[in-house]
Amino acid sequence: MNRKVVIIMGSKADLDWAKKIEEPLIGFGIEVVTRIASAHKVPLKCYELIKQYEKENVVFITIAGMSNALSGFADAQTHCPVIACPPYSDKFAGADIYSSLRMPSGVAPLTVLSPENAALAAAKIIGLTNPDIQQKIDAYQEKKRADIEEADKNLQ
């Protein structure tokens, strides 16, 4: 059973964002591999990494801002799910997000803006065939519900 997520960052500047994705994945008991491979600067390396890891039926999470070729490139090269989780930038009034949202036909990376939620989405995909991960997701969601109930109770 697959229990691996491969995070591909466009540059080392994305490492802090990747750590925010890694933490919840590790909490779900999912193995995480983090690599750097820019689709613009080293496309052949990027392609080789995708082909190497897709043999394991992983979930890819891509992190690239500005001009996010990485997510579309990765998705177009593999049968595995790809989740784009671009870091938010105030540059260009956040408009660089469009490079993660608009994809050509036949290229369909999911875009999830929150690192924690990108990890949750990957865990849910893996959980489709892994009951252990499903149980951890159920517990995670129950804790989130309990936190809301507790916060409401503390207001009264």
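Me: Which residues of helix α3 are buried, and which elements do they pack against?

Reply: A word on the basis comes before the details. This is a predicted model, in which local features need pLDDT of at least 70 and side-chain atom pairs count only at pLDDT 80 or more, while totals for chains, interfaces and linings use all residues. Residues are numbered from 1 along each chain as its sequence is written, and side-chain values use heavy atoms, with hydrogens and water left out.

Helix α3 covers residues 69-77, and its buried residues are Leu70, Ser71, Gly72, Ala74 and Asp75. Here buried stands for a relative accessible area under 20%, exposed for one over 50%, and partly exposed for what falls in between, with a 1.4 Å probe and protein chains only. Helices are DSSP runs of H or I with at least four residues, strands are runs of E with at least two, and both are numbered from the N terminus. The partners against which the buried residues of α3 pack are β1 (4-9), α2 (43-54), β3 (59-63) and β4 (82-84).

The start of the helix involves Asn68, a side-chain oxygen of which comes to within 3.3 Å of the backbone nitrogen of Leu70. The side chain of Asn68 also makes a polar contact, at 2.8 Å, with the side chain of Ser100. A polar contact is a pair of N or O atoms within 3.5 Å; within protein, one must be able to donate a hydrogen and the other to accept it, and residues adjacent in sequence count only if both atoms are side-chain atoms.

Ser100 belongs to helix α4, and it is buried because its relative accessible area is 1%. Setting aside residues up to four places away in sequence, Ser100 touches Ala64, Asn68, Pro86 and Thr111, where contact means heavy atoms within 4.5 Å.

Asp96 lies in the loop between β4 and α4 (98-101). With a relative accessibility of 13%, Asp96 counts as buried, and a polar atom of its side chain lies 3.4 Å from the backbone nitrogen of Met66. Apart from neighbours within four places in sequence, the contacts of Asp96 are Gly65, Met66, Ser89 and Lys91.

Leu70, one of the buried residues of α3, is also among the contacts of Ala37. Ala37 sits in the loop between β2 (31-36) and α2, and it counts as buried because its relative accessibility is 1%. Beyond its neighbours within four places in sequence, Ala37 is in contact with Ile8, Met9, Gly10, Val42, Lys45, Cys46, Leu49 and Leu70. Although Ala37 and Met9 are 28 residues apart along the chain, their C-alpha atoms are separated by 6.2 Å.

Strand β4, one of the elements packed against α3, contains Ile83. Ile83 is buried, with a relative accessible area of 0%, and, not counting residues up to four places away in sequence, it touches Val59, Phe60, Ile61, Thr62, Leu110, Val112, Ala118, Ala121, Ala122 and Ile125. From the C-alpha of Ile83 to that of Gln141 the distance is 20 Å, across 58 residues of sequence.

Lys124, in helix α5 (residues 115-127), is partly exposed with a relative accessible area of 39%. Asn57, in the loop between α2 and β3, is partly exposed at 45%, and its phi is near 50°, a positive value in a residue other than glycine.

Of its 156 residues, 42% count as buried, and among contacts between residues at least 6 apart in sequence, 68% join residues at least 24 apart. Along its principal axes, the C-alpha trace spans about 55 × 40 × 30 Å.
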